[in-house]
Amino acid sequence: MASDSSLGNGMPLAIRRLVTGHDQDGAAAVALDTAVPRSDVFQHIPGMVSRLVWATAPVPGLPFDGIDPTPGVADIVPASGATRFLIVTFPPDSVFFAPDFDPAAAAAENLAISPGLAERFEPDGMHTTETVDYGIVLDGEIWLELDGGRSAHLRRHDVVVQNGTRHAWRNKSERPATLAFVLIGARHHG
């Protein structure tokens, strides 16, 4: 896991995660108080950080059984009705154009850190998932690129609802951008 040092944009590498549940008497209580267990700092994409905060099954069970679901997640893209909660820090796009950038090593690392998602990436970063994604810009600014070169510039505290469309995230700024995402597995109609 990463240290508590900052990425240079006010976003810590390690984030505290509280998960509620019930005590033996049925009263609401904090069941887990830990750092996000799957916080991955990319070595081959400097400044990229992926944090899998939580995951649910298609029909979450209550009460919480005390077992952290994140270590066992084998697919970042949730099945229909399931969810994933991620916080991702994107480095400036200039990182990908640096003379020492190794695209093959970066792709292999992404496959290891983001199974099920990384396989969907096209060479230019465009990708599609059968999910409804709620995204919130926590820090920095980023561009959501869609088909045909269409794009939307998002700034701190802007939100996006991404409905299973082909897209890519572009950080055209000079500093990292951090977004929180809730991915909800969906079914494609048609």
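Trainee: Is R17 buried or exposed?

Mentor: Buried means under 20% relative accessible area, exposed over 50%, and partly exposed in between, with a 1.4 Å probe and protein chains only. R17 has a relative accessible area of 5%, so R17 is buried. Please note that this is a predicted model, in which local features need pLDDT of at least 70 and side-chain atom pairs count only at pLDDT 80 or more, while totals for chains, interfaces and linings use all residues. Residues are numbered from 1 along each chain as its sequence is written, and side-chain values use heavy atoms, with hydrogens and water left out.

Trainee: With which residue does the side chain of R17 meet in a salt bridge?

Mentor: Side chains of opposite charge can pair when their charged atoms come close. The criterion for a salt bridge is a side-chain nitrogen of Lys or Arg within 4 Å of a carboxyl oxygen of Asp or Glu. R17 meets D68 in this way, at 2.7 Å from N to O. The two are 51 residues apart: R17 belongs to strand β1 (residues 16-22), and D68 to the loop between β4 (49-56) and β5 (83-90). Strands here are DSSP runs of E, at least two residues long, numbered from the N terminus.

Trainee: How many salt bridges does this rule give?

Mentor: The count comes to seven. One of them joins R156 to D139, with the closest N and O atoms 3.8 Å apart. R156 lies in the loop between β8 (151-155) and β9, and D139 in strand β6, so this pair ties together parts that are 17 residues apart in sequence. R156 is partly exposed at 49% relative accessibility, whereas D139, at 12%, is buried.

Trainee: Which residue forms a salt bridge with D147?

Mentor: R166 does, and the closest N and O atoms are 2.6 Å apart. Both residues lie in loops: R166 between β9 and β10 (168-170), D147 between β7 (141-145) and β8. Salt bridges that share partners join E122, D147 and R166 into one network.

Trainee: To which strands is β6 joined by bridges?

Mentor: Two strands pair if DSSP finds at least two bridges between them. Strand β6 (residues 131-139) runs antiparallel to β11 (residues 177-185), with eight bridges joining them; Y134 has V182 as its bridge partner in β11. Strand β6 is also antiparallel to β9 (residues 159-163), through five bridges, and there D133 is partnered with Q162.

Definitions and conventions. Helix = DSSP H or I, 4+ residues; strand = E, 2+ residues; numbered from the N terminus.
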